[in-house]
Amino acid sequence: MIPWNNYYRLVPGTQKMGTRGVQCVRVCFIVLNIVVSLFACAGLGLGIWLQIHTTATARFLLQYATISVAELMIAVGCIGILICIMGCCGSWALSKILLMLYFLAVLVIFLAEIGLAIYFLIFRDTMTDNFRYEQKLGIRTNYLPHSTLSKIWDAVQEDFGCCGMDSPADWHYIAAWPELAIAPDSCCIPEARRMPNCGKSLDFRSIYPRGCFEVIRDFVTRNMYIFAIAAVALALIQLLGLIFSMVLFCARREVQDDKLIIVATKEEPDFVEVREVREIRRDIEQGPPVVIRPAYVETNL
């Protein structure tokens with residue numbers, strides 16, 4: 001073994017791209033994943049709350065969906081937390097496996113989002129028609145006074161100032177009142193709500209004339225910049241995650257290739273030689289050294 005004395009000592013090696021550069025990327029990558037994990041935890045908590053307290057809300061947007069909104073939020077939150085933990089651990093340990101798994105997971109999600117966006121643009125009209133049909137069918141067959149679904153529709157109609165999906169006629173002769181051409185009281189304009197059972201009045205001037213689909217579509221169009229900013233921010237976060245993970249993956253490889261080692265031979269136990277790892281690998285078959293350690297050498301000989 002190499003004797004440990006005052007003539008030399010071992011110090012850690014450095015990366016080709018600079019220790020400070022690698023550390024900066026690692027810190028930024030960890031902070032990025034922590035921030036994303038906080039949003040994922042918030043989405044997970046909201047999904048659990050919806051699943052426990054408002055079961056009907058979960059299937060309000062898609063009446064006959066195989067997965068509810070709450071279940072989707074829970075799944076996305078769990079996946080996001082797991083990916084963020086994998087990224088933090090991979091960055092902290094510079095693990096090639098974890099960094100590559102993180103890169104592949106984020107890349108798959110990013111490509112899936114692009115595919116869904118393209119699918120929506122191509123089949124937007126078909127999806128819109130199906131959504132409108134499902135909501136109108138839900139009103140006609142599943143609406144019951146004082147139910148959770150009725151509370152949701154009441155909140156939507158009162159907040160957006162609308163009635164029905166396309167028009168107030170969507171509420172006529174539904175299963176809840178098959179012989180009446182009336183609407184819920186939430187369809188009434190604010191001035192008419194002071195009257196009890198205003199929705200049963202035949203005075204259509206007291207009811208919102210526009211359907212909720214048209215009103216909500218106009219609302220989304222007016223605030224499209226908010227959705228655009230959110231989409232761009234999400235894309236930038238994912239791209240930063242991809243770039244940082246690949247930089248750290250390559251830095252890990254450079255660390256392995258750039259470390260120097262100390263070799264002492266059996267014939268000259270006090271002789272210290274500094275050589276590169278790749279050079280030692282070529283000569284290892286000629287006779288194993290006594291000690292091989294990743295290090296640089298400081299000597300005061």
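**Entry 1**

A disulfide here is a pair of cysteine sulfur atoms within 2.5 Å.

I note that the model is predicted, that local features need pLDDT of at least 70 and side-chain atom pairs pLDDT 80 or more, while totals for chains, interfaces and linings use all residues. Residues are numbered from 1 along each chain as its sequence is written, and side-chain values use heavy atoms, with hydrogens and water left out.

I turned to Cys84, which counts as buried at 5% relative accessibility. Its sulfur is 6.6 Å from the closest cysteine sulfur, in Cys88, and this is too far for a bond.

**Entry 2. Disulfides**

How many disulfides does the structure hold? I found three. Counting bonded cysteines along the chain, I read the pattern as 1-6, 2-3, 4-5.

I began with Cys162 and Cys212, whose sulfur atoms are 2.1 Å apart in a disulfide. Cys162 sits in the loop between α6 and α7 and Cys212 in helix α7, so this pair ties together parts 50 residues apart in sequence. The S-S torsion of Cys162 and Cys212 is about 85 degrees, so I recorded the disulfide as right-handed. I found Cys162 and Cys212 both buried.

Next I took Cys163 and Cys187, a disulfide with sulfur atoms 2.2 Å apart. This link is right-handed, with 85 degrees about the S-S bond. Both Cys163 and Cys187 lie in the loop between α6 and α7, 24 residues apart, and the pair links distant parts of the chain. I list Cys163 as buried, with a relative accessible area of 0%. Cys187 also counts as buried, at 0% relative accessibility.

I noted 115 degrees about the S-S bond of Cys188 and Cys198, a right-handed link. Cys188 and Cys198 are placed in the loop between α6 and α7, 10 residues apart. I found both Cys188 and Cys198 buried.

**Entry 3. Nonpolar cores**

Which residues touch the most other members of the largest nonpolar core? Among its 20 residues I found these to be Trp153, Cys163 and Trp171. Such a core is a set of buried Ala, Val, Leu, Ile, Met, Phe, Trp, Tyr and Cys residues joined through side-chain atoms within 4.5 Å. I saw that α6 (148-160) and α7 (212-222) each supply at least two residues of this core. Helix α6 gives the most, with four residues.

I also listed the contacts (heavy atoms within 4.5 Å) of Trp171, leaving aside neighbours within four places in sequence. Among them are Trp153, Cys163 and Cys187, together with Ile139, Tyr143, Gln157 and Trp177. The list for Trp171 also includes Gly164, Ile182, Ala183 and Pro184.

I recorded a second, separate core of 16 residues, including Leu32, Leu99, Val106 and Leu248.

Methods. Buried means under 20% relative accessible area, exposed over 50%, partly exposed in between (1.4 Å probe, protein chains only).
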